[in-house]
Each structure stands twice: as C-alpha cells, then as structure tokens.
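Subject: Handover of a structure

Dear colleague,

Please find below the structure that I am handing over to you.

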Amino acid sequence: MFCQNCGCKIENNAGYCTSCGMQQNADYSYTKEDSPNAGFAALGFFFPIVGLILYLVFMDEKPKKAKSAGKGALISVILKVSISIIIVVVSFTGLAALLGGTADYINDGLPDFESFSWEEQAEIYEDDVAVIFGSFHIEDKGYYCETSLDVTVKNTDSKRKTYNITIEAVDENGARLDTDVVYARQLNPQQEIQLKAFEYVEDDLLEKFKSAEFKVLEVNKY
C-alpha cells in the first residue's frame, strides 16, 4: 500500500508511514489499487462468464474492479437478449408476410373467404373466372332420367384459386326452376376444368329444363 500523505510505499495495513510518520487509515489499503477498470469491463462484455467469475473473485478484495467486470457482463447479456428478441420479431413478421402472400398455394391453408353478389359478378366473370355453359343432357334410363349440364370453369386470374359457383336455371319467364353448385378446386392461372351440374332434376321440371336458361348466381373464391 502507499502512504496517504507522502505516497511512499509502506507495508499493507501499516498503522503509520515509516517515511513521514503520518498515521494511516486502514480502509485506504485498497483505494489506490482498487478503481474502475476498463479491462475488466471489456472482459465482462465480451466474455460474460469470465466477467461473472472476476466479479465473484474480486468482490471483497477489489470491489470497484469487480463491479466493472460485473457491469460489462450484465450489459453484454442485456444487449444479446435484446438483439435476439428483435431477430425473432423480424423473422416472425417476415414469415407472416410470406405466408400471407402465398396462402393461395397452400393446400388446406386457405385465406379469408370472399363472397360476391350478383351486382359484382360482371367484374369477377370477366377478370377473375370464366364460366361457360354447355349442353343440358337428358337420358332416359327407363325407371328414371339421368340429367347433367356441362360447365367449364377457367381461372383467368394470375394466382391459383378455388371457386365455389352457384348456378341457377330459369324458365322463359325468368322464374327460377332450381339452383346447383359446382366446385373447382385449386385451379392454376389460365387452367380450366369441365364439371357437371343439375345431375338430378325432378320429373315435373324436365320439360322446362329443356328450354331453361342457365346463369351464374354467385361466385365464392379463396
């Protein structure tokens, strides 16, 4: 240790200085040797485990140096945890955006269901999906008549889509005879599929169906 008065080196815990005779304060034994240390702080920051060890080893003998190592380790841990949280949040946000943009391509992972009324049908029919009606067939099987309406559905959108299309049959006066639904699943852009509608028609409606007009009543897509 060093004399508090003249600065000469004296024995540790000496009661007075042998050079100037000045009485010494026992608590001063470590004041010149113990002070905040940048090296300890750097070790604690870059190697938190080493900083913790230094803190535990020197906390009694050199508390200021020990605190430097401990603070460096604490700052390092807090910084690393904060960066990890930010990375997780950014990664999750990016993943959510990716899934949202590609949901149309994931089987059984469907985006929000969209339903369009007849008033909105013209735009959908032209820009999103084309529905073409073919012939209505009636085949007498003896005990019953087998019926079907040829329906072609084409995806005219730029993304894969699934369509749920409600079709109505109306007579010459515009009165509705019946409705049916066709389901076109996961059509790629510009892909089309041939479907059948009205595969069962009651006998009393068969004659009217021969001259019926078929219209798209509603389109649901997802």
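The notes below begin with the basis of the values and then turn to the findings.

The structure is a predicted model, in which local features need pLDDT of at least 70 and side-chain atom pairs count only at pLDDT 80 or more, while totals for chains, interfaces and linings use all residues. Residues are numbered from 1 along each chain as its sequence is written, and side-chain values use heavy atoms, with hydrogens and water left out.

Overall organisation

The protein has five helices and seven strands; helices (H or I, at least four residues) and strands (E, at least two) are DSSP runs numbered from the N terminus. Along the sequence their pattern reads α-α-α-β-α-β-β-β-β-β-α-β. Of the 222 residues, 30% count as buried, where buried means under 20% relative accessible area, exposed over 50% and partly exposed in between, with a 1.4 Å probe and protein chains only. Among contacts (heavy atoms within 4.5 Å) with a separation of 6 or more, 59% come from residues 24 or more positions apart.

Cys3 belongs to the segment before H1. Its relative accessible area is 2%, so Cys3 is buried. Cys20 is 17 residues from Cys3 in sequence, and their C-alpha atoms are 8.6 Å apart in space.

Helix H1 (residues 38–46) and helix H2 (residues 48–58) have axes that come within 5 Å and cross at roughly 135°. Axes are lines fitted to C-alpha atoms, for helices over the stretch in contact, and angles run from 0 to 180 degrees between N-to-C directions. H1 and H2 are therefore oblique to each other; angles under 35 degrees count as roughly parallel, over 145 as roughly antiparallel, 65 to 115 as roughly perpendicular and the rest as oblique. In this contact, Phe40, Leu43, Gly44, Phe45 and Phe46 of H1 meet Pro48, Gly51, Leu54 and Phe58 of H2.

The strands

S2, S3 and S6 form an open sheet in the order S2-S3-S6, with antiparallel pairing; two strands pair if DSSP finds at least two bridges between them. Strand S2 (129–140) and strand S6 (192–197) are the edge strands, each pairing on one side only. From one strand to the next, the twist averages 20°. S2 and strand S3 (residues 145–155) are joined by 10 bridges, and Ile138 has Thr147 in S3 as its bridge partner.

S4 and S5 also run antiparallel, joined by nine bridges. Val170 is bridged to Arg176 in S5. The hairpin of S4 and S5 has five residues between the strands, and Gly174 takes a positive phi near 90° there.

Buried residues and the core

Which residues have the most contacts inside the largest nonpolar core? They are Val153, Ile165, Phe198, Phe209 and Phe214, in a core of 25 residues. A nonpolar core is a set of buried Ala, Val, Leu, Ile, Met, Phe, Trp, Tyr and Cys residues joined through side-chain atoms within 4.5 Å. Not counting residues up to four places away in sequence, Phe198 touches residues including Phe136, Leu149, Ile167, Phe209 and Phe214.

Asn155 lies in strand S3. With a relative accessible area of 0%, Asn155 is buried. Beyond its neighbours within four places in sequence, Asn155 is in contact with several residues, among them Asp128, Arg160, Tyr163, Leu187 and Gln191.

Yours sincerely
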